[in-house]
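User: I'd like to talk through the salt bridges in this one. Can we go pair by pair?

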Amino acid sequence: MKLAEALRIVHGAMEGPSNRLYLACSFEPLHLQTFLHAHCQQARPGRRLEVCKGLYGDLAGNLESSEARDAEALAVVMEWPDLDPRFGMRMPAVWNAETMKDMTQEAGRRLNRLGAAFEALPSRVITAACLPTLPFPPVAFTTPALASELELEIEEKLAVFRRRIASSGVRWLSANVLAIASPALARYDFKSDLATGLPYSLTHASHLASAFARLLFPPLPKKGIVTDLDNTLWDGIAGEVGPEGVHWDLDHKARAHGLYQQVLRSLSESGVLVAVASKNDPAVVDKIFDREDFILRRDHAFPLEVHWGPKSSSVERIAKVWNIGLDSIVFVDDSAMECAEVARAHPQVECLGFPSDPAGVEAFCRRLRELFGRDRVTDEDRLRLTSIRQNQEWNAATGTGEANEDFIAGLQARLIVDTRRNPPDPRALELLNKTNQFNLNGRRRDEGEWRRFLEEKGAFCWLVSYEDRFGPLGKIAVLAGRHKENLASVEHWVMSCRAFSRRIEFACMRQLFEALLVQTVELDFAPTPRNGPLQVFLAPWREKMDSAKMVVASACFESRCPPLHHTTKELLNER
Amino acid sequence: MNDNRQRLLQCFSSLFPQLSPPQLEAATLDTVANWDSVASVTLVSMIEEEFAVSVNLDEYSQFNSFEACLRYVESQ
């Protein structure tokens, strides 16, 4: 991004309430602040952003006073002078063996103070940080190619420091990723450092700001990948060479395809849905999936759409089985024609051409990591494909109509209601922000708002897990609101579509009355274009669906509640 | 309008979006209220980036009006 473009984005931001981002550094942020504002504004197009900075020359002090800034997000940019001013180039300093020893000790003291400041940051503030990104200053008497004792000791102190802080939820910028985007020699601008106090070149400032924006306001990860087979998942055309004639290994100069299989397997095992859309002979494909050396196993991919019909239809069917939006899907094919066909039918699908040159596959795999990357892998993620298969079995068992009473009674259904808020389970916010059909009002919360809400007096947040004789569905519902005396006011209620038809929503409603000991539940309902299933559930207690707080009395609920057979367990203790 | 003038106008417009093109072409350090030291440094950085030039530290003070900036750019 050029500086002029960044300024246009900053000046063009909409009016209205703003969220605050605090940039904590000890140098003059200048263009870094502009780029950070622009990149973060692009990452949050619906909300105006305000970026404030701290005092010059005092990173630790800026961190220690960060709570007073009332910021939702915090970007901490460290540079060498923060460890000891003698690492800086603006002011005179003596560089000899004695001062180097003192600089190492001073670095230790300053890192201790910074560590304490990081640990004192409130958990509601989303914090991202980077260690020094500029080349190590030419302090030592060794040639630059030789890592001096000073450099090694400082690196060790920084590694210990970062490990200490990692558990406090700070998002550390990957030095490797920055190295790819911003070459080391092009980062430092000595002229700028002297003239303005900003040590960064414009390109480095932009790349650094872009990386911080991705850390602080990451895009929602994609949920599923639909892959072609011939010359994509393997080298060769299976129908022509047979199941033993396709390859993905080094000996057959096809390792690039093996790498792709390896990444797909890794994605699948971290909860990304993987499916196949291939114009092929199903019998031949079956034999390949049975090969001992096949890296992507059968249980890593579902469903497999292997036939001669259009791939756009396959993608549509896969999206229905997965029950996710087309905008959450990535389609990969070596054929530009197939990609164009799918893109024309489904413009929301992200279509990627599998590189014809093996040299491009490594970068392609990194791109997949960008599209699907997430902070952590939860049990829900690991269960996802299994639970989709279970849903298929459920649908087969119940047929096309509603399940009958005997079937429901025999489910051995169990609910686990996790009411703990500190620290918040990230799955709750994830569900709240991605669920559309069973969603009380369609409202979303960003991470900072959510954390502040959970800290309010009287706030409750229930994360509901479900399992039955078909297996666990994992964490599938969230109810959140405020409890005051005899009233539970529900502001958010979402439930995953794969949990439908099990009367979980009725069990949740009953749990509200029983666990909170209230006679009345108030639901902050609003119709949306997609929350039809929620409206169907509320219909018995509401004559007309419109925006208003619905009040449901316990007796009224029970009079219209179907038989429930769930056992419920509450997890009550604070973590 | 020549290319340099147009490109320089884009730079000035990004920095002073409240000014019209004629006002930008007449802009000086003394006549634009928010043309402060930060704006001066930002302007020089934008010109360096847009025109692939490197401005010496002792030349910064010359960048005190649109026309002065244009003269510099056209002399490179």
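What follows is a short chat about charged pairs in this predicted model.

User: How many salt bridges does the structure hold over all chains?
Analyst: Keep in mind that the model is predicted. Counting over all chains, the number of salt bridges is 46.

User: Is A:Asp84, the partner of A:Arg86 in a salt bridge, buried or exposed?
Analyst: The closest N and O atoms of A:Arg86 and A:Asp84 sit 2.8 Å apart. A:Arg86 has 21% relative accessibility, so that side counts as partly exposed. A:Asp84 has a relative accessible area of 1%, and the cut-off for buried is under 20%. So A:Asp84 is buried.

User: Which residue of chain A pairs with B:Glu48 in a salt bridge?
Analyst: B:Glu48 lies in helix α3 (residues 37-51) of chain B, and the pair crosses to helix α7 (residues 190-196) of chain A. B:Glu48 counts as buried at 16% relative accessibility. The N to O distance is 2.4 Å, and the partner is A:Lys191.

User: What separates A:Lys320 and A:Glu316 along helix α12 of chain A?
Analyst: Their side chains meet in a salt bridge at 3.8 Å, N to O. A:Lys320 is exposed at 61%, while A:Glu316 is partly exposed at 37%. Because they are four residues apart in helix α12 (residues 311-322), the separation is about one helical turn.

User: Which residues are linked with A:Arg44 in a network of salt bridges?
Analyst: The network includes another arginine, A:Arg47.

How values were computed
Residues numbered from 1 in each chain as written. Chains lettered and ligands numbered in written order. Predicted model: local features only at pLDDT ≥ 70, side-chain atom pairs only at ≥ 80, totals over all residues. Heavy atoms only, no water. Salt bridge = Lys/Arg side-chain N within 4 Å of Asp/Glu carboxyl O. Buried < 20%, exposed > 50% of the residue type's maximum accessible area, 1.4 Å probe, protein only. Helix = DSSP H or I, 4+ residues; strand = E, 2+ residues; numbered from the N terminus.
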